[in-house]
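Here is a short report to read alongside the sequence and the 3D view. Please keep both open as you go.

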Amino acid sequence: MASRRCLLRLLSSRLVPQRSQPFAPGSIATRTLTTSSEALGPPAPGALPSPRLYYLSRCHFATRSSGDEDDEYEDEEEHYDEEDSEGEWGDDEEAVAAKKPSGKTEEEKVAEAAEIGYKVLAPLGADEKPFKPYEPVFAIVQIGSHQFKVSNGDSIFTERLKFCDVNDKLFLNRVLMLGSQTQTVIGRPILPDAAVHAVVEEHALDAKVIIFKKKRRKNYRRTKGHRQELTKLRIINIEGIDKPETAAVAA
């Protein structure tokens, strides 16, 4: 019986919560909670007094405003753009079109163009019609370190040629071989009396090539892009070989 009485007293003490001591009357959080609880009205008769709960107010202080965060993100983006803008993925077409002046004299320009294998004659006139119908004649010309087999009317892409603009007429003097249906002429190494005339159609960029470098276990990776500058030429005439008007027909 004594044990039952002890259990009943313990349960009754737990069911009836004790009133906690309030905080100092000067606390803002205490005042707000007390006023809100008093506004609910007096408790119903016969009901147990409900304990008042007091919570300490929390205040979160921001180290910087939202505007500062935006400025920081903008600075990071600008820094990232500056790193990528150092020719990593190649130049744009606008940069290819607008080239800085070389600062060389006309004699130096002509000499450098002759080493590559061409000579700028003059701009193409508005009334000129240099394009001719196809002729059964071909030539092998060398421009820089590349060789091309061309006929009149063909278009070729070479590495960008200096000191020439669009619609300029070029004189290609490094002709290695000429051929037709009746004869073939081979140079040693070039043919001095042969020439190929061409017109500059455009300056363009080749497809992008990705250059990726990696060293194992060194945390080293580099990714860069390159777009080769090209010049498109249209062949208009081949000189230095007889051009039969009609093709020879085999018996």
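Lys214 has a relative accessibility of 48%, so it counts as partly exposed, a class that lies between the buried cut-off of under 20% and the exposed cut-off of over 50%. Do keep in mind that this is a predicted model. Lys214 sits in strand β9.

Lys214 also belongs to a positive surface patch, together with Lys213, Lys215, Arg216, Arg217, Lys218, Arg221, Arg222 and Lys224. Two elements each give two or more residues to this patch: β9 (209-215) and β10 (220-226).

With 44% relative accessibility, Lys208 counts as partly exposed.

How far apart in space are Lys208 and Gly225, C-alpha to C-alpha? The distance is 6.4 Å, although 17 residues separate Lys208 and Gly225 in sequence.

Now turn to strand β11, which spans residues 229-239. Nine of its eleven residues are buried, so β11 is largely enclosed by the rest of the structure.

Which way do its pairings run? Strand β4 (residues 155-159) pairs with β11 in the antiparallel sense, over five bridges. In β11, Lys232 is the residue opposite Phe157. The pairing of β8 with β11 is antiparallel as well and covers ten bridges. Here you can pick out Val196, which stands opposite Ile238 of β11.

Key. Residues numbered from 1 in each chain as written. Predicted model: local features only at pLDDT ≥ 70, side-chain atom pairs only at ≥ 80, totals over all residues. Heavy atoms only, no water. Patch = residues over 30% accessible without salt bridge, like charges linked within 9 Å, V, L, I, M, F, W, Y side chains within 5 Å. Areas by Shrake-Rupley, 256 points an atom, 1.4 Å probe, with all protein chains shown as cover. Salt bridge = Lys/Arg side-chain N within 4 Å of Asp/Glu carboxyl O. Lys, Arg positive; Asp, Glu negative; His and termini not counted. Charge placed at Lys NZ, Arg CZ, Asp CG, Glu CD. Helix = DSSP H or I, 4+ residues; strand = E, 2+ residues; numbered from the N terminus. Buried < 20%, exposed > 50% of the residue type's maximum accessible area, 1.4 Å probe, protein only. Pairing = 2+ DSSP bridges.
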